[in-house]
Each structure stands twice: as C-alpha cells, then as structure tokens.
Amino acid sequence: MDEENLRNRKTNTVLNDEKQAPVETESEDTKHNAPQSMILQKQIGLLSAISLIVGTMIGSGIFISPKSVLSNTGAVGPCLIVWAACGVLATLGALCYADLGTMITKSGGEYSYLLEAFGPIPAFLYSWMCIAVVKPSSFAIICLSFAEYTATPFYPGCVPPQIIVKCLAAVGIILITLLNAISVKLANYVQNFLTAAKLLIVAVIVVAGIVLIAQGNTQNFENSFDGAQTSFGSVSLAFYNGLWSYDGWNQLNYITEELKNPYRNLPLSIIIGIPLVTVCYILVNVAYFAAMTPAELLQSPAVAVTFGDRVLYPASWLIPLFVVFSTFGAANGSCFTAGRLTFVTAREGHMVQILSYISIRRLTPAPALIFNGLLAIIYIIPADINTLINYFSFASWIFYGLTTLSLIVMQFRRKDMKRPVKIPIVIPAVVTLFSIYLVVAPIIGSPDWAYLYCALFIVGGLIVYVLFIYFHFSWTRRIMRPITKHLQLLMEVVPAETEQ
C-alpha cells in the first residue's frame, strides 16, 4: 500500500462522536493490496491451539513450587490424588467452555458468555477485574520468573539484584507485546517452539523419574497416606493451589474468532491439551518424589532445580534454561489472550474505543495488547504482587462458576441456539457447585481482610459502570475524541469491521 493511500485510509477511518462507520477511499492499488476486511483473521490451527493451551498452563509453577499442594495435603498419596482431581476438574470446566465456545463463537471467553446469559453488568465486572488486575499482574509475575532465571547464571552464589530482575522483566514484557502486535503467525510459531521445548524438559524429568523408580527408589510411596490432612480448609487450599497451576485451561475461548474451524478445533484442542497437561503434572510429581522425600521437597526453593542437581548432573544446567523457555512461552500465551479480552470488551463499549481498533498492516489488536503490556510493566514495580494475584484468583472462580451456570441457564432460556458440542447438564452443575466450594472454603478456612478488599474492588466496578458506561457522560467523550484520533494516526489502527 503506497503512502498516499495509507494516509487516505487513516484519515477516513477516524470515527466521529456518533461512532459512524468508517468511510474508506479505495483505488485500484488498495483493492489489490489492502485486506478484504478489517477483522481479526482465522490464522490459528489445531496445532497452534493445542500449543496455546499447553504452553499457557505449563508455566513456572510445576518446576518451581509444586510444594504448595503437598504442604496442604501433608502426604504423598493425597497430594497426587489432588493433582489428578484438579486435572479432571479443569477438563470438565473446559468441556463446558467448549460447549459455550461453539454455541457463542465470539472471542472474549467468560465476558462474551456472561454478556449473553446475564447481561452487561456481570460481564463488565468480570472484564473490570481481569483487565485491570488479573491479566496484567499474571503477565508481570510470569515475566518476573523469566527474568529471575535469566539473571541467575550471571550472579553465581548470590541472588540477582531486584533492579536487574525488574528491568529484565520489563524487557520481556516489551518484547512479547511487540511480538504479538506485529504478527499473529509469528507469535504462534514462537508459542509452538516454546511449548515443544517445555514438553521436552518435562519428558526428561519423567524419564529420569521412571529410571529412579526402576532402580528401587520407591520408599517415599510406601505408607503414602500417613500424616494426611483431611480438614475442610486444608483440602480446599490444596485444590486452590493445584488449580492455580492448571490455570489457562480456558485460554482458547478468548480467541474463538481467530480459530480455523472452531466447531472442530476448539473441543479437539481441549480434549488433547488438558489431559496431556494432567498426565505431565502427575508424572513430574512422581519423579520428584522418587528423588526427594516430602520434607526435602518442602524445603526446596525450586524443586526442579534441586531435582536436576541430584539426578541430571552434569547436565543440570538444562533445567534453568528450559524454565526460562517455559516462562517466556507462558507469558506469550497470557499476552495473546489478554489482548483479545480487552479488544472484545472495548468493542462492546465497555472500555475506551481505541482499544477495539486493529492494525491496518498487521491485523492484530495492537492497542489492546499495548495497553495490557503497559499495565504489566506498572505491576512489576511493587516489591511483591504474588499476594495480590493469589487473592484475585479466588475471585476468578466466582466468574468461572457464573460462566458454567450460564450454560445451564441458556439450555433452558435459549433452546433455539445451535449447539455443535452438547455436554450433559450434570457437568456444568458439578463445576458450578465446585466453584462455589472453592470460593467459600478459603474464606472459612483461612479468613483474611484481603478477600474483603478483593470483593470491594469488584463491587467498585459497579460505580465505574454506572458513571462511564450507563450514563456515558459527554465530557468523557470530549476528552477521549482527540486522544483517540491522535492514537489512531500514531499506531495506524482502524475500527474492526463486523464479521458477516
């Protein structure tokens, strides 16, 4: 596209205050060189979809601190049972999302389903919580893990300075954001490579564990239920920590509009990806217990590194290297899906309009991706944000439960909707009930003021909704109009067209 046509396209697609459709100046050159429609393209196939699920779910947790489940169960046997049960629950939840995703073929995940079933307020509250806190802070935490493992080899025998770790994390956020803003295909290629890398190191750990067991290192599996903790609070916290490691099972529903053949690839990716992760998690934990006693595992600051030092020497350096790959891949998947949630929310009018625009040249939701990256950089500044994201992850299960409940509601209220993937109603009922348990149990078992702060933040979203969405004050439009215009020209983005 030549410069004159590009200037014409940008100028004629700046929306006015009444949100009129953009008027495009077309020439013979733009007919041949411009995309046929300004929508997100269907570029994600089955392999990339599976890589996104697996790559986002397997982050740093299984390599660094699986001890959280063990500390709450108290013994090897119930610990492995919890890991397996969490995988089953994640699979059941994902099957509910496969039903919803093929019934409502919009990107945005929970936001789109809550909007369809319960209206704009629950949908906005979910997006308010996720876009403002959960997604960017998760992105920041993963990049901090990436930075720490990247910096550690350069500071042998000591902890890397925090300023170095945070600067590296910021660089990682910028690189991943630019990667996703430049090209969907390039981001998918990187995700596929990094997913293959993390599955390789998982395979190395699993094979090493099998060798240890074959050599007779099974003493930690004897009397494996001795000392088990079965209290209401401890079991719930064990599930809570285990499910945190499985978080990401719903990521594919954020990009439904970009999936090739979503009616086939969405459920198939879930059926392949999540059981694969479940098997990996169980076998990796078995390998850890073959090499370490429960007490040693609980004392280890990074379990996989300790395992590598004991079992894989002199190739133990492979573990930190592949943890770097794993965290970078998880961060890439997190950025990819968070941008789509922000894009869809803005497209529905629940965020500023510029966030619903897409790049003319790249056909990516660049403003939404950049916005998420900027928030993530802000979140790496505090000394510790792990507590923040842990408490907000409990709130995520409120909306997971509402989302599976929406499937039950629409089975009765929207019987006319096409359902290519139809699961029995008992599955969303079980997931909804378990979601209620996961929300209530931590509050009863370990009450904390932070849960109240989290609830107040979500309720505070109602004030934002009433002031800026429901009443839509005219002064906000006057402020945002010139900002939107200049940002649109700067980033070369236009409003996304409605897919026919």
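Is Asn-72 buried or exposed? Here are some notes that start from that residue.

1. **Ground rules.** This is a predicted model, in which local features need pLDDT of at least 70, side-chain atom pairs count only at pLDDT 80 or more, and totals for chains, interfaces and linings use all residues. Residues are numbered from 1 along each chain as its sequence is written, and side-chain values use heavy atoms, with hydrogens and water left out.

2. **Asn-72.** With a relative accessible area of 14%, Asn-72 is buried (buried means under 20% relative accessible area, exposed over 50%, and partly exposed in between, with a 1.4 Å probe and protein chains only). Asn-72 sits in helix 5, residues 67-73 (helices are DSSP runs of H or I with at least four residues, strands are runs of E with at least two, and both are numbered from the N terminus). Its side chain comes to 2.9 Å from the backbone oxygen of Ser-68. Beyond its neighbours within four places in sequence, Asn-72 is in contact with Gln-229, Ser-234, Leu-237, Ala-238 and Asn-241 (contact means heavy atoms within 4.5 Å).

3. **The nonpolar cores.** The largest nonpolar core has 139 residues, and those touching the most other members are Phe-63, Tyr-126, Trp-249, Tyr-288 and Phe-307. Helix 8 (residues 120-151) gives the most to this core, 18 residues. A core here is a set of buried Ala, Val, Leu, Ile, Met, Phe, Trp, Tyr and Cys residues joined through side-chain atoms within 4.5 Å. Leaving out residues up to four places away in sequence, Tyr-288 touches Ile-62, Phe-63, Pro-66, Ile-205, Leu-297, Val-303, Ala-304 and Phe-307. A second, separate core of 5 residues includes Ala-346, Ile-354, Leu-355 and Tyr-357.

4. **Helix 6.** This one is worth a look for its geometry. The 28 residues of helix 6 (residues 76-103) should span 40 Å at 1.5 Å a residue, and the end C-alpha atoms are 41 Å apart, which agrees; the expected span is 1.5 Å times one less than the number of residues. Helix 6 is mostly covered, with 22 of its 28 residues buried.

5. **Leu-168.** Helix 9 (residues 162-182) holds Leu-168, which is partly exposed at 28% relative accessibility. Its contacts, not counting residues up to four places away in sequence, are Phe-146, Ala-147, Thr-150 and Ala-151.

6. **Salt bridges.** The count comes to 7 salt bridges, each being a side-chain nitrogen of Lys or Arg within 4 Å of a carboxyl oxygen of Asp or Glu. One of them joins Glu-116 and Arg-414 (2.5 Å, N to O). Glu-116 lies in helix 7 (residues 110-118) and Arg-414 in the loop between helix 17 (386-413) and helix 18 (426-445), so the pair ties together parts that are 298 residues apart in sequence. Glu-116, Arg-414 and Asp-416 are linked in a network of salt bridges. Another pair is Arg-361 with Glu-492, at 2.9 Å from N to O. Those two partners are 131 residues apart, and Arg-361 is partly exposed at 48%.

7. **Cysteines.** How many disulfides does a search of the whole structure find? The result is 0, taking a disulfide as a pair of cysteine sulfur atoms within 2.5 Å. Cys-130 is buried at 2% relative accessibility, whereas Cys-158 is partly exposed at 42%.

How values were computed:
Polar contact = N/O pair within 3.5 Å; in protein donor to acceptor, adjacent residues only side chain to side chain.
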